Amino acid sequence: MNPEILIKNGRVIDPANGIDKKCDVLIIGDKIADIGKIKKPAQKVIDATGKLVTPGLIDIHVHFREPGDEEEETIASGSAAAVAAGFTSVVCMPNTNPPIENETDVEYIHRKARQARKTHVYTMGTMTKNREGTELAEMGFMAEAGAVGFTDDGRGVQDPAVMQRALKYADMFNVVIAQHCQDNAFAGNGVMNSGYYSTILGLPGIDPLAEEAMLWRDIQLIRKIRPGRIRYHAQHISTAGSVELIRAAQKDSLPITCEVTPHHLLLTEECCAEYDTNYKVNPPLRSAKDIEALKEAVREGLVDALVTDHAPHLQSEKELEFLTAPFGIASLECALALFVKALIEPGILDWPALIKLMTEKPAKIIGVDKGTLGVGKQADVTIIDPKNEYEIDVRKFRSKSGNCPYHGWKVTGKVERTIVGGEIRFEA
Amino acid sequence: MALKRKSKQFKWHRKHLLGLRELSVEEITYILDTARGFEQISTRSVKKAPPLRGKVVVNLFFEDSTRTRNSFALAASRLSADVIEFTKKVSAVSKGETLLDTARNMEAMGIDIIVIRHGAGGAPKLLSRNINACVINAGDGFCEHPTQGLLDVYTIRKIKGTLNGLKIAIVGDIAHSRVARSDMWAMTKLGAEVIFVGPPTLIPSTASELPVSVSYSLDEVIEKVDVINMLRIQFERLGGNPFPSVREYSHYFGLTAERMKKAKHDILVMHPGPINRGLEMESEVADGRNSVILEQVTNGLAVRMAVLFLVNQAAAIANR
């Protein structure tokens with residue numbers, strides 16, 4: 001059994017239980033044993049004075065590239081990066097090679113995660129076979145094996161009839177259907193947001209309508225299906241139009257959630273002006289107006305999860321022409337500080353509200369009993385130094401890939417310790 | 001020779017020519033003035049001058065080209081450089097040697113100037129950031145084709161004296177045209193008013209943010225412009241079905257002898273070539289008295305000599 005851990009004098013933030021106060025947290029075994037003023041001695045005492053003690057952070061959108069592209073990332077390297085960034089749980093996307101589309105694939109991810117012994121690693125399965133958008137994948141078997149949701153992420157399900165079938169079928173299970181909203185007919189061969197910059201750079205653009213048209217379609221499908229248990233999650237929304245659609249859907253109490261990434265809150269299409277492929281990402285970086293709309297959505301509580309969409313790629317691939325290079329930004333290891341910069345520094349969220357979007361709410365989306373420091377819950381805890389200023393250095397990343405446009409940024413907010421299942425897995 | 005007439009203070013410093021958007025009015029004017037000095041080399045009995053002697057220029061062409069490639073090759077050899085031709089057709093997704101590796105290999109062989117044409121916007125910039133040789137953009141995707149833009153304004157300036165105050169129509173597939181973009185930057189910087197003319201499906205939807213006006217009616221525009229530049233319909237770049245048929249396109253946007261009757265008598269008719277005769281322009285117009293299409297080709301040689309000369313000079317200063 002793990003030694004008892006007593007975290008003393010921290011600012012304990014547990015949004016699920018409405019806690020935000022200076023106190024102690026006691027961990028016995030793999031469980032939270034007590035919260036409050038604790039006099040009892042413990043084998044291991046951590047002084048958290050001046051630090052935040054929060055539920056372990058959860059990122060429900062990462063790409064760890066295993067199986068198939070282990071030169072870019074593995075579950076071992078990705079989860080090492082995650083734990084160093086304060087994440088105790090992550091959700092891998094199933095667009096691996098081959099994709100995660102049956103129970104054996106799901107079990108493979110879990111086995112690799114157990115061997116790595118860093119974070120909890122969940123996975124989504126594909127919604128359709130081979131992510132082709134034509135035939136449903138074996139969602140039932142995958143759910144039984146522990147898949148926490150289904151998506152063809154990397155692309156959206158194009159055929160509305162197939163999407164309708166997927167939503168209906170999945171209603172049999174208590175799972176979330178997640179969508180990368182992108183209508184390919186609108187997106188064409190685009191490589192960045194369509195607008196002034198795509199015009200002068202001579203690059204094919206992706207119209208915001210590509211995202212909004214599919215999101216609108218899915219919302220209409222959900223209205224008509226009148227779901228029982230089904231939950232729909234819009235992945236990495238990026239446009240002002242999408243925010244409006246989500247606002248309307250939530251007003252009508254549809255079971256729809258959404259997430260945003262740090263890059264869609266911090267970077268605009270203008271970043272592509274020098275053809276730096278580290279800014280090539282899908283959905284593409286949009287305009288300042290879209291950023292404002294997304295921030296407003298976060299402020300209003302329309303956004304349910306903050307995610308990285310950590311998408312590692314080899315340097316040799318990112319050294320290609322902007323037109324040819326793959327989409328993706330690797331940002332797992334600086335995620336917390338990026339969200340601090342995007343949301344806390346401008347006064348959009350306070351710490352408890354930010355932590356809620358990185359713990360309790362994402363846990364709910366994927367339906368796992370995590371994201372809280374409730375007594376008796378599994379002891380996933382993150383200790384954060386909210387004042388620590390540092391410079392992001394890609395060379396120090398544990399991730400195998402450094403396709404990160406934030407290299408050299410000065411940021412605030414660093415993870416000091418990460419405790420996963422009662423075990424200290426990371427210490428700064 | 002050429003340089004003596006130059007404005008006193010100005011110093012050319014760029015060892016790459018990537019696009020015209022980033023050039024100042026002074027820089028553009030300086031290239032045009034330099035080109036004027038080189039024009040007479042092509043009319044001598046010995047068509048050769050020594051400034052690039054001992055230098056190696058590689059024509060790195062990933063897309064089809066006859067005019068531009070030959071023009072650069074000839075320009076380089078008239079300046080006494082050795083020229084290597086490297087032609088490789090690649091699809092955007094095909095694996096194999098990367099662009100940077102190809103260029104690095106070239107550089108390892110000791111080349112001095114890379115003239116690159118590539119299907120991806122920004123490819124010349126990618127090279128310029130990663131290698132030491134000079135890089136000249138000979139057309140990148142639908143981003144820019146700076147020497148075409150330069151030879152267009154050179155041709156207009158030579159005949160009209162100035163671009164200041166001229167009205168210029170650029171007609172056709174603006175959305176997929178690097179020529180339209182380079183023309184737009186050069187012409188507007190030199191004081192001309194540019195009008196993009198074409199069907200809405202071939203005009204960038206963000207044209208209102210560009211320094212141009214837009215018209216969907218060639219009939220309205222033709223009466224008031226001093227220069228008309230007819231773009232080639234680039235069937236290879238058109239996605240989908242931006243106009244219903246060639247017949248209907250020609251009806252609205254073809255430069256016919258009939259339409260020319262409404263034009264100013266001294267209008268200049270330009271085309272970057274190769275012409276789809278009968279589609280964007282009737283032969284009668286292409287070969288007519290207002291056409292300067294072949295002058296454009298002749299001037300292109302002088303402009304490219306000037307560009308090769310200037311980037312080489314800037315590199316020599318930078319490496320000193």
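## A helix crossing in chain B

Helix α1(B) passes α5(B) in a right-handed crossing. The residues that make the contact are B:I31, B:L32 and B:A35 on α1(B), and B:L150, B:V153, B:Y154 and B:R157 on α5(B). By class, this contact counts 6 nonpolar residues, no polar ones and 1 charged. The model shown here is a predicted one.

Helix α1 of chain B covers residues 25–39, and helix α5 of chain B covers residues 146–160. Their axes lie 10 Å apart, and the helices pack at an angle of about 70°. Angles of 65 to 115 degrees count as roughly perpendicular. The helices α1(B) and α5(B) are therefore roughly perpendicular to each other.

## The two domains of chain B

How is chain B divided? Domain 1 takes residues 2–145 + 298–319, and domain 2 takes residues 146–293. The centres of these two domains of chain B, taken over C-alpha atoms, are separated by 25 Å.

Domain 1 of chain B brings 24 residues to the contact, and domain 2 of chain B brings 23 residues. On the domain 1 side, α1, β5 (134–140) and α11 (293–319) of chain B each supply at least two residues. By class, that side of domain 1 of chain B has 12 nonpolar, 7 polar and 5 charged residues.

## Where chain B meets chain A

The two chains touch. In this contact, 23 residues of chain B meet 15 residues of chain A. Three helices of chain B, α3 (99–108), α4 (123–130) and α6 (178–189), each supply at least two residues of the side that touches chain A. Which of them gives the most? It is α4(B), with 3 residues. By class, the side of chain B that touches chain A has 10 nonpolar, 6 polar and 7 charged residues.

## The two domains of chain A

Chain A is also divided into domains. Domain 1 of chain A takes residues 5–52 + 378–427, and domain 2 takes residues 56–366. Their centres, taken over C-alpha atoms, are separated by 25 Å. The contact takes 30 residues from domain 1 of chain A and 44 residues from domain 2 of chain A.

On the domain 1 side, the elements of chain A that give two or more residues are β16 (381–391), β17 (410–420) and β18 (423–427). The largest share, 7 residues, comes from β17(A). The residues of this side of domain 1 of chain A divide into 16 nonpolar, 8 polar and 6 charged.

## A three-stranded sheet in chain A

In chain A, 3 strands form an open sheet in the order β6-β7-β8. The pairing is parallel. The edges belong to β6 (57–62) and β8 (120–123) of chain A. Each has a single partner strand, so one side of each is left without a neighbour in the sheet. Neighbouring strands of this sheet are turned by 20° against each other on average, direction ignored.

Helix α1 of chain A, residues 75–84, packs on this sheet and touches β6, β7 and β8 of chain A. The direction of α1(A) makes about 140° with that of β7(A). Strand β7 of chain A, residues 87–92, is joined to β8(A) by 4 bridges. A:V90 stands opposite A:V121 in β8(A).

## A helix crossing in chain A

Helix α1(A) also meets helix α2 of chain A, residues 103–116. The axes of α1(A) and α2(A) come within 9 Å and cross at roughly 60°. The two helices are therefore oblique to each other. The crossing of α1(A) and α2(A) is right-handed.

Which residues make the contact? From α1(A) come A:I75, A:A76 and A:S79, and from α2(A) come A:I109, A:K112, A:A113 and A:A116. By class, the contact of α1(A) with α2(A) has 5 nonpolar, 1 polar and 1 charged residues.

## A five-stranded sheet in chain A

Chain A has an open sheet of 5 strands in the order β9-β10-β13-β14-β15. Here the pairing is parallel. Strands β9 (149–150) and β15 (305–306) of chain A stand at the edges. Each has a single partner strand, so one side of each is left without a neighbour in the sheet.

Strand β14 of chain A, residues 256–260, pairs with β15(A) in the parallel sense over 2 bridges. In this pair, A:E259 stands opposite A:A305 in β15(A).

Key. Residues are numbered from 1 along each chain as its sequence is written. Chains are lettered from A and ligands numbered from 1 in the order in which they are written. This is a predicted model: local features need pLDDT of at least 70, side-chain atom pairs count only at pLDDT 80 or more; totals for chains, interfaces and linings use all residues. Two strands pair if DSSP finds at least two bridges between them. Axes are lines fitted to C-alpha atoms, for helices over the stretch in contact, and angles run from 0 to 180 degrees between N-to-C directions. Two residues are in contact if their C-beta atoms, placed from the backbone, lie within 7 Å. Ala, Val, Leu, Ile, Met, Phe, Trp, Tyr, Cys and Pro count as nonpolar, Asp, Glu, Lys and Arg as charged, and the others, Gly among them, as polar. Angles under 35 degrees count as roughly parallel, over 145 as roughly antiparallel, 65 to 115 as roughly perpendicular and the rest as oblique. A crossing is left-handed if the near helix is turned anticlockwise from the far one by less than a right angle, and right-handed if clockwise. Domain bounds come from an automatic or database domain assignment.
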